[in-house]
Amino acid sequence: FERSLSLRSSLKDQSGVSKSLNNIGLVYTEWKKYDQAILNFRESLKIEQSLQNEAETAIRLNNLGRVYFYKNQYDTALVYFEKNLDFQNRSQDMGQIALAYNNIGKVYLAQKKNEEAVSYLTLAVEIYHKLGKEGEKATALANLSDINRVMGLNAKAFLLLDSSTMIATRLNLRNQLQQNYLYYSEIYSALKNY
């Protein structure tokens, strides 16, 4: 990616430079080097804004929101996710709107704003269901289950988590299954069913 960035810079390919910076930011995110990821995403965002490329701008906003979420800087993450949602509402890309709702819901869950989290995640589940995006629906259902667990609604949490797990099992979504089993353990722990 760094070689690609160098070549694209020498060719004065601003769109390509932005893509390379974004990819480098994604690598730093995976490595949990969040400050370096932010620098790359911000530089990429500036380029996309100067090119007036709304679709790519929205992706950079989402990536910045994710990094700030991982850093537990929820207010900043929320700002980026809401800006992304504004772009997605203009483009009417329902899959991306659902992703924005899911991400905003996760922020509200982390902030213990449960009613807001339920509202956004429910919207995400509904859109994913209409679009037939089962994998994404499994993720949103699991997040919704976690909120219900936090709110002490364990029966509802189990139902939502069972729905998510059935989808994840059918699609062989191992990361989602891993997360779901962790959620199951947290529900059973809350019920003192060790």
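**Reading aromatic pairs in a predicted model**

Guide: We begin with one residue of this predicted model. Tyr-80 has a relative accessible area of 12% and is buried.

Visitor: Why is Tyr-80 counted as buried?

Guide: Buried means under 20% relative accessible area. Tyr-80, at 12%, is therefore buried. Tyr-68 is buried as well, with a value of 6%.

Visitor: How many aromatic pairs does the structure hold?

Guide: There are 10 aromatic pairs in the structure. One of them joins Tyr-68 and Tyr-80, whose ring centres lie 5.6 Å apart; the planes meet at 5 degrees, so this pair is stacked.

Visitor: Which parts of the chain does the pair of Tyr-68 and Tyr-80 tie together?

Guide: Tyr-68 belongs to helix α4 (residues 54–70) and Tyr-80 to helix α5 (residues 74–91), so the pair connects parts 12 residues apart in sequence.

Visitor: How is the aromatic pair of Tyr-101 and Tyr-120 arranged?

Guide: Planes under 30 degrees apart count as stacked, over 60 as edge-to-face and the rest as tilted. Tyr-101 and Tyr-120 form a tilted pair, with 55 degrees between the planes and 5.7 Å from centre to centre. This pair links distant parts of the chain, since Tyr-101 is in helix α6 (residues 94–110) and Tyr-120 in helix α7 (residues 114–131). Tyr-101 is buried at 16%, whereas Tyr-120 is partly exposed at 21%.

Visitor: Which charged end sits over the ring of Tyr-80?

Guide: That of Lys-83, which is 5.8 Å from the ring centre. In another case, Arg-90 lies over the face of Phe-87, 4.7 Å from the ring centre.

Key:
Residues are numbered from 1 along each chain as its sequence is written. This is a predicted model: local features need pLDDT of at least 70, side-chain atom pairs count only at pLDDT 80 or more; totals for chains, interfaces and linings use all residues. Side-chain values use heavy atoms; hydrogens and water are left out. Rings of Phe, Tyr and Trp (its six-membered ring) pair if their centres lie within 6.5 Å; planes under 30 degrees apart count as stacked, over 60 as edge-to-face and the rest as tilted. Helices (H or I, at least four residues) and strands (E, at least two) are DSSP runs, numbered from the N terminus. Buried means under 20% relative accessible area, exposed over 50%, partly exposed in between (1.4 Å probe, protein chains only). A charge sits over a ring if NZ of Lys or CZ of Arg is within 6 Å of the ring centre and within 35 degrees of the ring normal.
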